[in-house]
Amino acid sequence: MYVYLLTAVKAGIYIRIRKQFYFNSDSLQNFENFKLFNMIFDYFEYILKNKINLIHTIFIGFTIIIVVNGSLINLMEPLLPVFIRQSFRYGKHKHIGSKDALVSMIEIPKSWFSHFYVFAFSWALWALYLVLKGIIMHTTAPDYVIQFLDLVGGGTEARKVLIDSNTALIAAVLMTLQCARRFYETNFVQIFSKKSKINLSHYIVGYLHYFGAILALLLNTEGFVKGSMPSTFSFRKITLFQYACLFLFHFSWSQQYKSNMILVNLRKDAKTGKVETEKHLLPTGGFFNIVSSPHMLFEVLMYAALLGIMANSFTWKLIVIWVCSNQLMNALLTHKWYKENFKNYPKHRKALIPFIL
């Protein structure tokens, strides 16, 4: 159905642009517009015809890229071209040495991380609203939402109900809490170095991650799959395992905040609270005493807790694999940087997993 609809819309746009092409002085620009529209519609037609799950594709692609590039950087960095090293590294473990001119052109301030938390918080609130509205009013999601989920989720036939409304509401609340806290931290608390840069690709990945992860809350949920209705919410429906996952999420959520505050306070005067430096200093206290990147460890644990709550979701399994891979590769580089820059760095500290790695 969606393929026929796209074809009809494409035909209408083609007729309109063709008329402008013959009768408008800006014919060349209109012709370029037609080519762009043609490419976009061909792309979506291909997705629909082949029933490609865009959300799965995003997270599988991210995982492959981070594992391959991260492994190369950690194992054989001196042999890699400058553009790969400079593109991958950022923050405290940024690339030092000669720069690639093209890569330098697409570097942006690291402080722009705060942008995609504005998006993530707004996107999560929207998803929470839709789930809550469906439960309270016992109505399915709007048609445009279901159609959009069909588009990004591989088509109507590919989307089955795997998550009940009870579970979806719990997961949506937790995801919104995490996005809200990170929005607050990055926009009002975190101290970004004015010199610190990230590659544009990291910025885009941030948006795509939250775009996909939050849609994954709805992708296979009651009321968001054609022909299904949302069920009522009840605390009695929450299993003991889900309560355990709720505890793990809350513990990780609060500990990640404490870890981030330790990093923030390193750059402030203890008495006045004013920013004294933008340098990366040696953190101590809390879980920093046993791992170099506890904030990354707790990120992994929060996503693992969400997966435990939504155990039937294959999409969330892919998301957790991606998050684990990404945090591990960054934690290894961070751990290496600490050891290289602090001669008395505690030998018992591990990179990410206490007492193991």
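In which helix does Leu-208 lie? Leu-208 belongs to helix α9, where helices (H or I, at least four residues) and strands (E, at least two) are DSSP runs numbered from the N terminus. The model described here is predicted, so that local features need pLDDT of at least 70 and side-chain atom pairs count only at pLDDT 80 or more, whereas totals for chains, interfaces and linings use all residues. Residues are numbered from 1 along each chain as its sequence is written, and side-chain values use heavy atoms, with hydrogens and water left out.

The protein chain holds 12 helices and 2 strands. Along the sequence these elements are arranged in the pattern α-α-α-α-α-β-α-α-α-β-α-α-α-α. Of the 357 residues in the protein chain, 45% are buried; buried denotes under 20% relative accessible area, exposed over 50%, and partly exposed the range in between (1.4 Å probe, protein chains only).

Leu-208 also contributes to a nonpolar surface patch of about 550 Å², together with Leu-102, Met-105, Ile-106, Leu-200 and Ile-204. Patches are made of residues with over 30% relative accessible area and no salt bridge, nonpolar side chains (Val, Leu, Ile, Met, Phe, Trp, Tyr) being joined within 5 Å and like charges within 9 Å. Accessible areas come from the Shrake-Rupley method with a 1.4 Å probe, and for residues only the protein chains shown count as cover. Two or more residues of the nonpolar patch are supplied by each of α5 (101-105) and α9 (200-216), and α9 gives the most, with 3 residues. Leu-208 counts as partly exposed because its relative accessibility is 31%.

The search of the whole structure for salt bridges returned 4, a salt bridge being a side-chain nitrogen of Lys or Arg within 4 Å of a carboxyl oxygen of Asp or Glu. Side chains of opposite charge can pair when their charged atoms come close. Arg-89 lies in the loop between α4 (82-88) and α5, and Glu-77 in the loop between α3 (54-76) and α4, so the pair ties together parts that are 12 residues apart in sequence. Arg-89 is buried, with a relative accessible area of 12%, and Glu-77 counts as buried at 12% relative accessibility.

A further salt bridge connects the side chains of Arg-159 and Asp-150 (2.8 Å, N to O), and both of these residues are buried. In helix α8 (residues 165-189), Arg-182 and Glu-185 are 3 residues apart and are therefore separated by about one helical turn. Salt bridges that share partners join Arg-181, Arg-182 and Glu-185 into one network. Within it, the side chains of Arg-182 and Glu-185 meet at 2.5 Å, N to O. Arg-182 is buried at a relative accessible area of 12%, and Glu-185 is likewise buried, at 2%.

Grid points are joined across faces, edges and corners, and a volume is the space filled by probe spheres set on the points. The count comes to 3 cavities of 30 Å³ or more. By class, the lining of the largest cavity has 6 nonpolar, 5 polar and 1 charged residues, with Ala, Val, Leu, Ile, Met, Phe, Trp, Tyr, Cys and Pro counted as nonpolar, Asp, Glu, Lys and Arg as charged, and the others, Gly among them, as polar.

The second largest cavity holds about 40 Å³, and Lys-133, Pro-142 and Phe-224 are among its lining residues. The second largest pocket has a volume of about 450 Å³. Of its 21 lining residues, Gly-91, Lys-92, Lys-94, Ile-96 and Trp-337 lie nearest its centre. Helix α12 (residues 314-341) provides the largest share of this lining, 5 residues, and the lining of the second largest pocket divides into 3 nonpolar, 7 polar and 11 charged residues.

How values were computed: 1 Å grid on protein atoms, 1.4 Å probe; cavity = no way out; pocket = protein on both sides within 12 Å on 5 of 7 lines; lining within 4 Å.
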